[in-house]
Amino acid sequence: MSPARIRQALRKFRHAIEELGPYQSLALLALPLCLVEPSKLVAVALIGDRHWLTGTATITAAYASSLLLVERIFLVVKPRLLRLHWFAKGWAWMIVQRYRLAKEFSR
């Protein structure tokens with residue numbers, strides 16, 4: 001498959017995601033989270049059982065997929081999620097806490 005076709009397919013996929021409603025967007029975001037987050041715990045358990053290389057590879061892959069996949073999906077669906085009152089309220093609270101914490105560390 002040529003790079004141009006891959007880009008076109010990704011654009012179509014992003015457009016389809018942008019057309020989802022707020023709860024559909026939440027479900028789309030929850031799907032990879034349900035796979036990535038438990039794998040971090042599995043990696044810690046592997047390291048605890050002295051499987052250093054396997055555990056390190058697992059936790060590296062989990063954080064990479066979290067950064068590359070989940071974060072990308074979140075950026076696309078965030079405007080839809082902010083339509084949910086409870087999500088917007090929680091997001092605003094988190095942003096305020098982040099700025100308060102940053103202010104404390106900047107002293």
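Core. I find that the largest nonpolar core has 11 residues in all: I17, L29, V36, V70, I73, F74, V76, V77, L81, L84 and F87. I take a core as a set of buried Ala, Val, Leu, Ile, Met, Phe, Trp, Tyr and Cys residues joined through side-chain atoms within 4.5 Å. Helix 2 (22-48) and helix 3 are the elements that give two or more residues to this core. Helix 3 supplies the largest share, 6 residues. Helices are DSSP runs (H or I, at least four residues), numbered from the N terminus.

Basis. The model is predicted, so I note that local features need pLDDT of at least 70 and side-chain atom pairs pLDDT 80 or more, while totals for chains, interfaces and linings use all residues. Residues are numbered from 1 along each chain as its sequence is written, and side-chain values use heavy atoms, without hydrogens and water.

I17. Leaving out residues up to four places away in sequence, I list L28, V76 and V77 as its contacts (heavy atoms within 4.5 Å).

S66. I place S66 in helix 3, residues 52-81. S66 counts as buried because its relative accessible area is 16% (buried is under 20%, exposed over 50%, partly exposed in between; 1.4 Å probe, protein chains only).

I6. I find I6 in helix 1, residues 3-18. I6 is partly exposed because its relative accessibility is 38%.
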